[in-house]
Amino acid sequence: MRGSVSPPDAVELPKEYGESYGRAVWRQFRKNVVGIASLGFVVFLAIVAFLADFLANDKPIIASVKGRLIFPVFQQYGVALGLTSWGEWGRVDWRAIRYEWAIWPPVPYRPETTDPKLQTLRDRAPSARHWLGTDEIGRDVLAGIIHGTRYALSIGFVAMGIALAIGIFLGALAGYYGGVVDILISRLIELVLTLPTFFLIITVVAMVQQGSIWLIMAMIGATGWTGVARFVRGEVLRVRAMEYITAAQALGYSATRIIFRHVLPNALAPVLVAAAFGVANAVLIESALSFLGFGVPPTVVTWGSMLAKARGTVTTWWLVLFPGMMIFATVAAYNLIGDALRDALDPRLRT
Amino acid sequence: MGKYLLQRLLLFVPTLFLITLLSFGISRLAPGDPAALKVGVTAEGGIAGRTGLNERTLELLRRQWHLDKPIWQQYLLWLRDLVRLDFGRSFQDNRPVLEKIAERLPITLAMNIAAVLIAYGIAIPLGIYSATHSGSFGDRLTTFLLFALYSLPTFWVGMLAITFLCNPEYIALFPTGGVRSVFHSEQWSLWRRIADYVWHLTLPMLVYTYGSFAFISRQMRSAMLEVLRQDYIRTAYAKGLPGRVVIWKHALRNSLIPILTLLAGVLPALIGGSVIVETIFSIPGMGELSFRALVARDYPVIMAVFTLSAVLTLVGILLADILYAIADPRISFARKVQ
């Protein structure tokens with residue numbers, strides 16, 4: 001076996017003059033094609049999530065009826081915000097109206113819209129009418145995927161946000177104060193680590209009958225902070241020993257100010273790596289929960305709940321393939337971003 | 001060593017106490033009345049009307065299951081029984097929980113142990129290959145494939161397998177579930193019986209294992225790369241040792257240390273994963289048992305499964321620590337306990 005060994009590189013990032021740490025990391029990250037592509041994919045998902053109502057909706061975006069111009073999708077937002085009411089449009093079947101002309105969203109269904117025209121299983125398979133097929137009660141898969149991006153993105157970010165808040169707070173406390181505080185927090189981290197996390201989350205979510213997406217986010221966040229806390233603790237321990245912190249202490253700054261203004265900004269970069277992997281994990285856990293049928297109420301369509309519809313039947317391959325592909329792509333993108341970030345932070349790891 | 005083990009096992013007690021307290025509190029504070037669920041299920045038509053008879057049944061069930069007492073009393077009662085290794089009776093069929101678990105544990109335990117062995121057995125050589133051939137085509141290919149595997153959701157792969165590989169519409173290579181054929185008989189030869197098990201368990205085991213396998217391989221590669229950069233490896237090469245000896249004797253032992261500690265995380269992940277895999281492939285194991293218990297709000301079973309998985313997780317951590325100390329002679333057992 002060949003065993004070529006390269007000499008150890010310097011850990012220090014090559015910095016350009018006056019460049020901040022964040023910019024140096026970003027410059028390294030940008031060189032990573034896969035990482036940038038993954039970031040692009042997440043941005044694409046965010047755009048889809050933002051424009052979901054314009055991409056898949058059962059109302060036209062703009063239409064002309066009896067010489068009047070109407071904007072049903074915009075009006076939908078107005079109604080949701082309480083600014084206007086549907087008025088005469090309250091109970092209309094948008095598809096049955098005679099328009100002079102209308103611009104429809106590319107997918108003319110909402111995820112909850114059932115298509116009563118479908119009778120046989122063959123009708124539910126992908127067709128010109130439903131590009132990616134429908135589920136057993138005629139709900140369009142593509143519309144579900146488009147609107148599901150909202151859940152997929154918000155689950156990841158909210159859950160990780162909670163985990164980051166807890167992890168950074170406790171990690172900084174443990175690292176900065178040391179002593180009894182450190183021992184207590186470290187014990188707490190160990191305790192949470194010994195919890196069978198996935199099982200705990202299923203138990204709680206299954207137990208609470210009125211399962212909501214917020215409960216799932218909170219549970220994932222409340223169990224997923226240990227990695228962040230350990231990272232931050234280590235980094236704070238390292239930074240605390242530096243001279244500028246001693247200087248700050250000598251100047252009589254309060255502990256809060258030193259921790260938040262001086263220690264954390266220099267300790268946070270590695271946390272981004274943990275955060276990226278954490279988001280991937282949160283998406284996985286949520287879709288696994290929805291797949292098992294716990295968590296989100298049955299009216300909410302998420303990628304995992306669509307996949308769950310395929311259970312019990314054997315021939316609805318489209319319900320397995322498309323939502324699953326989205327979950328896979330999203331999880332992979334977050335993981336790739338995490339990987340690229342880690343490489344950018346530590347050039348030694350690049351081989 | 002013996003003293004260390006004893007100390008560690010004693011430390012289990014407070015941890016377990018806290019874990020059970022937490023899960024007991026959560027499960028009982030959550031809304032949802034198992035007694036009503038039980039009455040509703042037994043009565044014709046699913047949802048039972050609140051007739052006088054049903055009210056009395058509810059009352060009786062609540063008293064029998066101690067649901068009429070305050071939560072702290074319920075917990076103390078549960079704890080008292082736990083000390084006697086009595087997990088109570090299932091709300092669903094009134095059978096002792098321990099008996100139900102004893103039926104289900106062997107298959108899940110066997111799958112877990114096999115999964116850990118398979119995952120480590122393939123991951124270690126693969127990680128070493130990737131690290132020593134770092135940058136080569138083979139390394140890049142395995143790294144890419146492992147990455148894809150790592151990001152593939154278990155339940156999706158399981159569903160894809162069921163849909164496309166166990167389906168007479170497409171390819172019916174494997175059975176759709178269970179651990180042995182419905183038509184199996186005691187007259188079958190040993191080999192035929194083993195073959196039947198293998199035929200049934202190949203797909204579930206693949207789905208069950210690939211995640212941890214991919215994870216461990218990736219970690220093995222980076223651990224090996226880290227070790228290969230050390231000075232003592234360069235020294236070993238410099239004094240003319242053959243590459244095989246340097247890698248397998250000098251580098252392997254040190255690169256194994258971070259991998260062994262992963263065991264502490266792999267075991268709980270597998271326990272969680274068993275719920276998904278066993279549900280998809282209808283394997284009558286602990287995961288499937290807990291899935292049914294959760295749907296039926298069967299508190300005694302849920303608590304028992306939860307306690308057991310916590311114990312298994314703790315055992316995994318202990319095992320990882322012991323292996324850690326074996327792999328790294330600088331760590332003495334005594335010093336690890338503060």
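Is Asn94(B) buried or exposed? The legends below describe a predicted model, and they begin with this residue.

**Figure 1. Asn94(B) in the loop between α4 and α5 of chain B.** The loop that holds Asn94(B) runs between helix α4 (71-83) and helix α5 (97-132). Asn94(B) counts as exposed, because 9 C-beta neighbours lie inside 10 Å and the cut-off for an exposed residue is 12 or fewer. The backbone of Asn94(B) has a phi near 65°, a positive value in a residue other than glycine. Most residues other than glycine have a negative phi.

**Figure 2. Ser282(B) in the loop between α11 and α12 of chain B.** Helix α12 covers residues 286-296, and Ser282(B) is found in the loop between α11 and this helix. Phi of Ser282(B) is near 40°, again a positive value in a residue that is not glycine. Ser282(B) has 15 other C-beta atoms within 10 Å and is therefore partly exposed.

**Figure 3. Crossing of helices α11 and α13 of chain B.** Helix α11 (residues 263-280) and helix α13 (residues 299-327) have axes that come within 7 Å and cross at roughly 155°. The two helices, α11(B) and α13(B), are therefore roughly antiparallel. Their crossing is right-handed. On the side of α11(B), the contact is made by Leu263(B), Ala264(B), Leu267(B), Pro268(B) and Ile271(B). These meet residues of α13(B), including Ser309(B), Leu312(B), Thr313(B), Gly316(B) and Ile317(B). Further along α13(B), Leu319(B), Ala320(B) and Leu323(B) also take part. By class, the contact of α11(B) with α13(B) has 10 nonpolar residues, 3 polar residues and no charged ones.

**Figure 4. Crossing of helices α8 and α11 of chain B.** The axes of α8(B) and α11(B) come within 10 Å, with a crossing angle of roughly 145°. This crossing of α8(B) and α11(B) is right-handed. From α8(B) the contact takes Pro204(B), Val207(B), Tyr208(B), Gly211(B) and Ser212(B). From α11(B) it takes Val266(B), Ala269(B), Leu270(B), Gly273(B) and Val277(B). The contact of α8(B) with α11(B) divides into 7 nonpolar and 3 polar residues, with no charged residue.

Figure 5. Met224(B) is buried, because 26 other C-beta atoms lie within 10 Å. Leaving aside residues up to four places away in sequence, Met224(B) touches Gly127(B), Ile128(B), Ala131(B), Ala251(B) and Ser255(B). Of these, Ser255(B) is 31 residues from Met224(B) in sequence, with a C-alpha to C-alpha separation of 5.1 Å.

**Figure 6. Chain B and its contact with chain A.** Chain B has 14 helices and 0 strands. Of its 338 residues, 34% are buried. Among contacts in chain B with a separation of 6 or more, 71% are between residues 24 or more positions apart. The contact between the chains takes 49 residues from chain B and 39 residues from chain A. Helix α13(B) gives the largest share of the side of chain B that touches chain A, with 7 residues. By class, that side of chain B has 29 nonpolar, 16 polar and 4 charged residues.

**Figure 7. Ser38(A) in helix α2 of chain A.** Helix α2, where Ser38(A) is found, covers residues 33-50. Ser38(A) counts as buried, because 23 C-beta neighbours lie inside 10 Å. Ser38(A) touches Ala333(A), Leu336(A) and Ile337(A), not counting residues up to four places away in sequence. Ala163(A) is 125 residues from Ser38(A) along the chain, and their C-alpha atoms are separated by 23 Å.

**Figure 8. Helix α11 of chain A and the glycine just after it.** Helix α11 of chain A covers residues 243-250 and is hardly covered, since the count of buried residues among its 8 residues is 0. Just after α11(A), Gly252(A) takes a positive phi of about 80°.

**Figure 9. The two domains of chain A.** The domain assignment gives domain 1 as residues 58-104 and domain 2 as residues 141-349 of chain A. The C-alpha centres of domain 1 and domain 2 of chain A lie 40 Å apart.

Key: Residues are numbered from 1 along each chain as its sequence is written. Chains are lettered from A and ligands numbered from 1 in the order in which they are written. This is a predicted model: local features need pLDDT of at least 70, side-chain atom pairs count only at pLDDT 80 or more; totals for chains, interfaces and linings use all residues. Domain bounds come from an automatic or database domain assignment. Axes are lines fitted to C-alpha atoms, for helices over the stretch in contact, and angles run from 0 to 180 degrees between N-to-C directions. Helices (H or I, at least four residues) and strands (E, at least two) are DSSP runs, numbered from the N terminus. Angles under 35 degrees count as roughly parallel, over 145 as roughly antiparallel, 65 to 115 as roughly perpendicular and the rest as oblique. A crossing is left-handed if the near helix is turned anticlockwise from the far one by less than a right angle, and right-handed if clockwise. Two residues are in contact if their C-beta atoms, placed from the backbone, lie within 7 Å. Ala, Val, Leu, Ile, Met, Phe, Trp, Tyr, Cys and Pro count as nonpolar, Asp, Glu, Lys and Arg as charged, and the others, Gly among them, as polar. A residue is buried if 20 or more other C-beta atoms lie within 10 Å of its own, exposed if 12 or fewer, and partly exposed in between; C-beta atoms are placed from the backbone.
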